[in-house]
Amino acid sequence: GDFYVADGYGKNWIHRYNAKGEYQGSFGGPGKERGQVSCPHGIAVDERSGTPTLVVADRSNRRLQTFTLDGRHLSFVTAEMRLPCHFDVRGDLLLVPDLESRVTLLGKDNTLIVHLGDGMADGGPGGSIRGEAREKFVPGKFICPHSAAFDEEYHLGAGYAYLRTGDPRLSVEHPPLVNLWNALPLVFLNPHLPLDHPAWQAGMTDDFCDAFLWQANPSIATR
């Protein structure tokens, strides 16, 4: 029930509170040594190893730093980091938006899988076209990504079903237009839409979207 607050633009401490909002203590503090941080811009509980740990975007130190839940330093991740900002976790993947113009995917052991949309121009500074006119922005290239998140997979199935049928039955919790936008790239892949599946008839969003991605279109799901 505890939660954590990273004081990234303030005094560079990480504060811990219990579920009642009662202060439990602080750790970190400004610096470059083990356990110290400089602009802790993002923080998340990472359960990929099976033991929950805290991962901190120690941005100005150009690294990730991991801690136990009570604030004891565990490790650094420095390889492939520029100015990491934040996180999202999906399965064994750690998604790391980097202020210097790219988004990075790390595997379970925090080794590089891929950099996405690296917009650093010819070895120049990240975000080098941030102040330029939008006409100079390059599609598929990042400038200064502060945050990123994995989308829920069912948005794809619900959105594509709405796009092809005009039937919003799978978009009860989210506006159909939101799901529609998520699914637009699928138009170019022309996936099979299993409207004969019982989950479609019953309006069971999760079951239908599982069938859409993993049974009817496994080649898309694993891209």
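1. R62 is partly exposed, at a relative accessible area of 36%. For the cut-offs, buried is under 20% relative accessible area, exposed is over 50%, and partly exposed is in between, using a 1.4 Å probe and protein chains only. R62 has a salt bridge to E100, with the closest N and O atoms 2.8 Å apart. E100 sits in the loop between β9 (93-98) and β10 (102-106), while R62 sits in the loop between β5 (53-58) and β6 (63-67), so this pair ties together parts that are 38 residues apart in sequence. E100 itself is buried, with a relative accessible area of 15%.

2. Some housekeeping before you read on. This is a predicted model, where local features need pLDDT of at least 70 and side-chain atom pairs count only at pLDDT 80 or more, whereas totals for chains, interfaces and linings use all residues. Residues are numbered from 1 along each chain as its sequence is written, and side-chain values use heavy atoms, with hydrogens and water left out. Helices (H or I, at least four residues) and strands (E, at least two) are DSSP runs, numbered from the N terminus.

3. How many salt bridges does a search of the whole structure find? The count is eight. A salt bridge here means a side-chain nitrogen of Lys or Arg within 4 Å of a carboxyl oxygen of Asp or Glu. As background, side chains of opposite charge can pair when their charged atoms come close.

4. Next, have a look at R63 and D58. Their side chains meet in a salt bridge at 2.6 Å, N to O. R63 is buried, with a relative accessible area of 7%, and D58 is buried too, at 0%.

5. D118 and R102 also form a salt bridge, and here the closest N and O atoms are 3.6 Å apart. D118 lies in the loop between β11 (112-116) and α1 (154-165), and R102 lies in strand β10, so the pair ties together parts that are 16 residues apart in sequence. D118 is partly exposed, with 28% relative accessible area, whereas R102 counts as buried at 7% relative accessibility. Salt bridges that share partners join R82, R102 and D118 into one network.

6. On to the helices. Helix α4 (residues 205-216) packs against α1 at an angle of about 90°, and the axes are 8 Å apart. Axes are lines fitted to C-alpha atoms, for helices over the stretch in contact, with angles running from 0 to 180 degrees between N-to-C directions. The two helices, α1 and α4, are therefore roughly perpendicular to each other. On that scale, under 35 degrees is roughly parallel, over 145 is roughly antiparallel, 65 to 115 is roughly perpendicular, and the rest is oblique.

7. Which residues of α1 meet α4? From α1 they are Y154, L156, G157, A158, Y160 and A161, and on the α4 side T205, D206, F208, C209, F212 and L213. By class, this contact of α1 with α4 has nine nonpolar, two polar and one charged residues. Contact means heavy atoms within 4.5 Å. Ala, Val, Leu, Ile, Met, Phe, Trp, Tyr, Cys and Pro count as nonpolar, Asp, Glu, Lys and Arg as charged, and the others, Gly among them, as polar.

8. β4-β5-β6-β7 is the order of an open sheet of four strands, with antiparallel pairing. Its edge strands, each pairing on one side only, are β4 (40-46) and β7 (73-77). The twist averages 20° from one strand to the next. Two strands pair if DSSP finds at least two bridges between them; β6 and β7 have four, in the antiparallel sense. L64 has V77 in β7 as its bridge partner.

9. Another open sheet of four strands is ordered β8-β9-β10-β11, again with antiparallel pairing. β8 (88-90) and β11 are its edge strands, each pairing on one side only. Neighbouring strands are turned by 20° against each other on average, direction ignored. β8 and β9 run antiparallel and are joined by three bridges, with V89 opposite L94 in β9.

10. Strand β1 (residues 3-6) pairs with strand β2 (residues 13-17) in the antiparallel sense over four bridges, and A6 stands opposite I14 in β2. These strands, β1 and β2, form a hairpin with six residues between them, and N12 in the turn has a positive phi of about 65°. β2 also pairs with strand β3 (residues 23-28), antiparallel over five bridges, where W13 has G28 in β3 as its bridge partner. The hairpin of β2 and β3 has five residues between the strands, and G21 takes a positive phi near 80° there.
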